[in-house]
Amino acid sequence: MGNPVLKELINGGKVVFDSSLQQQVDQLVAQTTSQLLLLQFNQTATKAAQLKAMEAILGYPVPETLRINPPWQVDLGAHTFIGENVFINRDCLFMDLGGIFLEDNVLLAPRVSLLSMNHAEAPTQRQNLILKAVHIKKGAWIGAGATVLPGVTVGENAIMGAGAIVTKDVPANMVVAGTPAQILRPIKTS
């Protein structure tokens, strides 16, 4: 799955900007986004062609139950892992260098952003990357325009309200909304 040189970056913590590893990261991201794979995926009309393009981008066989509406953007692709019965709606953005994990039955509304990388706060270190995986657990639903920040785990069956900025872990079976996202209530089960 993906490029073996980069596997160490999944939830990898700090990557120093002037290191050879950072140069490898820059080259691989440029190659992935400059290739026609993402363009091909976003312009394809059939599900079979979409799945084939997704497999080329991600580097592994994707579940046939994946439903995704283009356009979709990803910076690398090799660090995105998708379970069964996942639905990804239009204009979603995955910054997956630090790892993105979508378990079974996850729903992503339009314009969801999943971000697994950040920069150091100190101005002298700001070019450095900080990589923390994003985990979206089984049955979670992320509302339109929501953003999930690095290192966040969204619990099983949780719901993120539209436009939520999720800065910390969300417990299972809870509804959260706002900026930053706050727990509103448990989900309704009937």
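Visitor: Leaving aside neighbours within four places in sequence, which residues is Thr147 in contact with?
Guide: Thr147 is in contact with Ser113, Leu115, Ala164, Ile165 and Val166. Contact means heavy atoms within 4.5 Å. First, the ground rules. This is a predicted model, where local features need pLDDT of at least 70 and side-chain atom pairs count only at pLDDT 80 or more, while totals for chains, interfaces and linings use all residues. Residues are numbered from 1 along each chain as its sequence is written, and side-chain values use heavy atoms, with hydrogens and water left out.

Visitor: Where is Thr147 placed?
Guide: Thr147 is in strand β14, residues 147–148. Helices (H or I, at least four residues) and strands (E, at least two) are DSSP runs, numbered from the N terminus.

Visitor: Is Thr147 buried or exposed?
Guide: Thr147 is buried, at a relative accessible area of 15%. Buried means under 20% relative accessible area, exposed over 50%, and partly exposed in between, using a 1.4 Å probe and protein chains only.

Visitor: On to packing. How many residues are in the largest nonpolar core?
Guide: The largest nonpolar core has 40 residues. Trp72, Ile88 and Leu102 have the most contacts inside it. Such a core is a set of buried Ala, Val, Leu, Ile, Met, Phe, Trp, Tyr and Cys residues joined through side-chain atoms within 4.5 Å.

Visitor: Which elements supply at least two residues of this core?
Guide: Two helices, α2 (36–43) and α3 (47–58), are on the list. The strands are β3 (72–74), β4 (80–82), β6 (92–95), β7 (100–102) and β12 (134–136). Helix α3 gives the most, with 5 residues.

Visitor: And what does Ile88 touch?
Guide: Not counting residues up to four places away in sequence, Ile88 touches Leu66, Arg67, Ile68, Asn69, Trp72, Ile82, Phe94, Leu102 and Leu108. There is also a second, separate core of 11 residues. Leu21, Val25, Leu76 and Ala78 are among them.

Visitor: Now rings. How many aromatic pairs does the count come to?
Guide: The count comes to 4 aromatic pairs. Rings of Phe, Tyr and Trp (its six-membered ring) pair if their centres lie within 6.5 Å; planes under 30 degrees apart count as stacked, over 60 as edge-to-face and the rest as tilted.

Visitor: What is the geometry of Phe41 and Trp72?
Guide: Phe41 and Trp72 are edge-to-face, 5.8 Å centre to centre with 75° between the planes. The pair links distant parts of the chain, 31 residues apart: Phe41 in helix α2, Trp72 in strand β3. Phe41 is buried at 0% relative accessible area. Trp72 also counts as buried, at 0% relative accessibility.

Visitor: What about Trp72 and Phe94?
Guide: Trp72 and Phe94 are edge-to-face too, at 5.5 Å centre to centre and 90° between the planes. They sit 22 residues apart, Trp72 in β3 and Phe94 in β6. Phe94 is buried, with a relative accessible area of 0%. Phe41, Trp72 and Phe94 form one aromatic cluster.

Visitor: Staying with β6, which residues make up its covered face?
Guide: Cys92 and Phe94 do, while Leu93 and Met95 make the uncovered face.

Visitor: How do β3 and β6 pair?
Guide: They pair in the parallel sense over 3 bridges. Strands pair if DSSP finds at least two bridges between them. Val74 has Phe94 as its bridge partner in β6. Strand β6 also runs parallel to β9 (residues 113–115), joined by 3 bridges. There, Phe94 stands opposite Leu114.

Visitor: New topic. In what order do the 7 strands of the open sheet run?
Guide: The order is β2-β5-β8-β13-β16-β18-β19, with mixed pairing. The edge strands, each pairing on one side only, are β2 (67–68) and β19 (182–186).

Visitor: What is β18 doing at that end?
Guide: Strand β18 (residues 174–177) runs parallel to β16 (residues 159–160), with 2 bridges. Ile159 stands opposite Val175. Strands β18 and β19 run antiparallel, joined by 4 bridges. Met174 stands opposite Pro186 in β19.

Visitor: How many residues lie between β18 and β19 in the hairpin?
Guide: There are 4 residues between them, and Gly178 in the turn has a positive phi of about 105°.
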